[in-house]
Structures are given as C-alpha cells and as structure tokens.
Amino acid sequence: MIDLTGKTAIVTGASRGIGKAIAEKLSEAGAKVILIARNEERLKELAAKLGNSPYFTLDITDREKVKEVFKEIQKQYDIDILVNNAGITRDNILMMMKDNEIESVIDTNLKSIFYVTKQVLRKMLKKRSGRIINITSVIGLMGNPGQSNYAASKAGIIGFTKSLAKEIGSRNITVNAIAPGFIETDMTKDLSEETKKAMLETIPLKRTGTPEDIANAVLFLASDLASYITGTVLNVSGGMYM
Ligand SMILES: NC(=O)c1ccc[n+]([C@@H]2O[C@H](COP(=O)([O-])OP(=O)(O)OC[C@H]3O[C@@H](n4cnc5c(N)ncnc54)[C@H](O)[C@@H]3O)[C@@H](O)[C@H]2O)c1
C-alpha cells in the first residue's frame, strides 16, 4: 500500500470531479491535503469529510490572489506535492469561437499552471524534493474538432511539463502529466448521448473512466514508486489514445 503519511499536497480544482477524487485518494493514503477551488460551500464540505483539511477559495486566474494565497499557505505548510488539476472547456468551432472562449481556456488551463507552480517552486528547490503533477488530456495529444482552445491549452501543459522536468530534475523534483480520456464528471455530463456513444466506440476497454481512475494514477506518481519517473505523460484513457 502507498503511504503518504507526513506529506503535504495541494490540489487545485478540488471541489468536485477529478480534483475531489484526487484529494480524497491522497488523503486516504495519509497526506495532508490543501484544497483549492472557487466554490466555498463544496470545499467546506470536502474539507470536513477529509478531517478538517485546510481549504482556500481561489480563482487560479487571479495572479495577485494566487501569490497572496500561496504565501499564506506556505507560512503554515511545507508543500511536497502539487497537483495542477483545475480546468475548463468552452467548446466551439474556430470560426464561431469568441475571444473570451479562447482567453478563458488558455488563462485557466495553461497560464495559471505557470503562476501556481512558480509559487511552490522556490521551497521545493531549496528542499531538493517535490512532486508536480499536471492534469492534461488526451485531447492535447490527439486534437478534437470544436476544442482547438482546449487542445492547445492541454498540449501546452505537456510542453511545460517536459521543460520543467528538465530544468529541475537535478534538484530531485519530478514533473509529470496525466492525460485522462473520457471521464464521467460535470465537465462531460452535458455531452449528447450520441457523442458519448461515439466516444465509447473509440475506447478499447469499452467503458468511460471514473475520477478514481485518474486519482489512482496521481497517487502512483506522487509516491516513492515513481521516484525515477519524470517528464512523462501518463495516458489514462482505457486505450482511447495510444
Ligand atoms: N472529465 C474528463 O473527461 C476530462 C478528460 C481529460 C482531462 N480532464 C481534465 O481534468 C481536470 C478536472 O476536470 P473535471 O472533469 O473534474 O472537471 P469539473 O468541471 O468537474 O471540475 C473542474 C474543477 O476545476 C475548478 N476550476 C475551474 N476553473 C477554476 C479557476 N479559475 N480557479 C479555481 N478552480 C477552478 C472547478 O471549480 C472544479 O473544481 C481538468 O483540468 C480537465 O481539463 C477531464
């Protein structure tokens, strides 16, 4: 069994879906988990469920607030594991895509990862240990019509992950990405039955993924079992992308 007792993790977008499952999984393994998301009510509920986990209401696209909150967090806690999970979709074909659909997706999914990761890096570098796990998507690897904004943001995360892994590997900090396939969450619940059926046909394991499938991969990458893995993109998609 993986034991993360004594470790402290931060999970962004922890209020629901994949982020919530990741927070629960890391907490079950013994880590102290600091929860970040925008919805205070949900965060509060999850924090109580996990035994009074610290939580912070934060919009990760608000750079000044990110600095402020992470400063506050690091006064109190020493971060071992950062999971950059928060993300959004604003799907549209490019011809119809509005400026705010381009900008909000790139700001939330990609730019925020630079600013959030920078906040924890100094201390990790000093400590010469750390785990950074970025949630990308198979869409960043394979593209998808109607998701050029989302695919670009997720492909950007992969470039970021590999570059940072090279930059800081010598300090014993690993940086990896996980590429989920089709996972049942609020993000995918509004897809039409027809789209879901078509997607299911492309999955060799013939089922959609669960948030727990992704949380299991995060747990592995956060653990000592993955100490020689960095710069990788772990595809957790039931074979949807290979
Ligand atoms: N569901 C899927 O099929 C799937 C597939 C591949 C990748 N992903 C990725 O997994 C991650 C989680 O997705 P999910 O399916 O759980 O989605 P979700 O919509 O259920 O949850 C997203 C979480 O991110 C948070 N969030 C969004 N914008 C934020 C902001 N500006 N500041 C702070 N928090 C913010 C939300 O509050 C929420 O907690 C995302 O990065 C998503 O792109 C999901």
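A polar contact is a pair of N or O atoms within 3.5 Å, where within protein one must be able to donate a hydrogen and the other to accept it, and residues adjacent in sequence count only if both atoms are side-chain atoms. Such a contact joins the side chains of asparagine 92 and glutamate 101 at 3.1 Å. The model is predicted, so that local features need pLDDT of at least 70 and side-chain atom pairs count only at pLDDT 80 or more, while totals for chains, interfaces and linings use all residues. Residues are numbered from 1 along each chain as its sequence is written, and side-chain values use heavy atoms, with hydrogens and water left out.

**Asparagine 92**
- Asparagine 92 is buried, at 19% relative accessible area (buried is under 20%, exposed over 50%, partly exposed in between, with a 1.4 Å probe and protein chains only).
- Leaving aside residues up to four places away in sequence, asparagine 92 touches Met97, Lys98, Glu101, Gly146 and Gln147 (heavy atoms within 4.5 Å).

- Most residues other than glycine have a negative phi.
- Asparagine 172, which is not a glycine, has a positive phi of about 65 degrees, and counts as partly exposed at 48% relative accessibility.
- Lysine 206 likewise has a positive phi, near 55 degrees, and counts as exposed because its relative accessibility is 53%.
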